[in-house]
Amino acid sequence: IRKDSAFIKDADYDNVYMSTGMQITFLSAMGATLDRVVISIKGDIDGNGFVNGNDLSKLKLQINRPYITDPALWYAADIDNNGYINGNDLNALNRVL
């Protein structure tokens, strides 16, 4: 990848915050998809690009009533990378906030 060939832009070509669930697609010069990467940012459980109280609420909900099926959101909620979403992740996120 050349330095000038990789950009994070939305559909309107505006700069955007990277967020959990965002997809980066690499295209050939002819426009064919070469690869796709899905972003997961630790703590960004609601996918808005920020780690805040909303993410804490979503994490509490996940611990009490599991609902996350999206892999990117799962990785964002598994703060301690142990493969489980539990109180340890909640404590870790609390320390960040």
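Biologist: Which residues of helix 3 are buried?

Modeller: They are D89, L90, A92 and L93. Keep in mind that this is a predicted model. Seen down the axis of helix 3, these buried residues fall within an arc of 165°, so they line one face of the helix.

Biologist: What covers the buried residues of helix 3?

Modeller: The cover includes helix 1 and helix 2, the latter spanning 71–77.

Biologist: And how do I read a nonpolar core? Which residues make up the largest one?

Modeller: The general idea first: in soluble globular proteins, nonpolar side chains tend to be buried together. Here, the largest nonpolar core has eight residues, namely I45, L56, L59, I68, A77, I85, L90 and L93. Helix 1 (53–64) and helix 3 (87–96) each supply at least two residues of this core.

Biologist: Let me pick one core member. Which residues does I45 touch, leaving out those up to four places away in sequence?

Modeller: I45 touches D55, K58, L59, Y67, I68, L73, A76, A77 and L93.

Biologist: How much of the protein counts as buried?

Modeller: The share is 24% of the 97 residues. As for the surface, the protein exposes about 6800 Å², and carbon and sulfur atoms supply 53% of it.

Key: Residues are numbered from 1 along each chain as its sequence is written. This is a predicted model: local features need pLDDT of at least 70, side-chain atom pairs count only at pLDDT 80 or more; totals for chains, interfaces and linings use all residues. Side-chain values use heavy atoms; hydrogens and water are left out. Buried means under 20% relative accessible area, exposed over 50%, partly exposed in between (1.4 Å probe, protein chains only). Accessible areas come from the Shrake-Rupley method with a 1.4 Å probe; for residues, only the protein chains shown count as cover. A nonpolar core is a set of buried Ala, Val, Leu, Ile, Met, Phe, Trp, Tyr and Cys residues joined through side-chain atoms within 4.5 Å. Helices (H or I, at least four residues) and strands (E, at least two) are DSSP runs, numbered from the N terminus. Contact means heavy atoms within 4.5 Å. The arc is that of the directions from the helix axis to the C-beta atoms.
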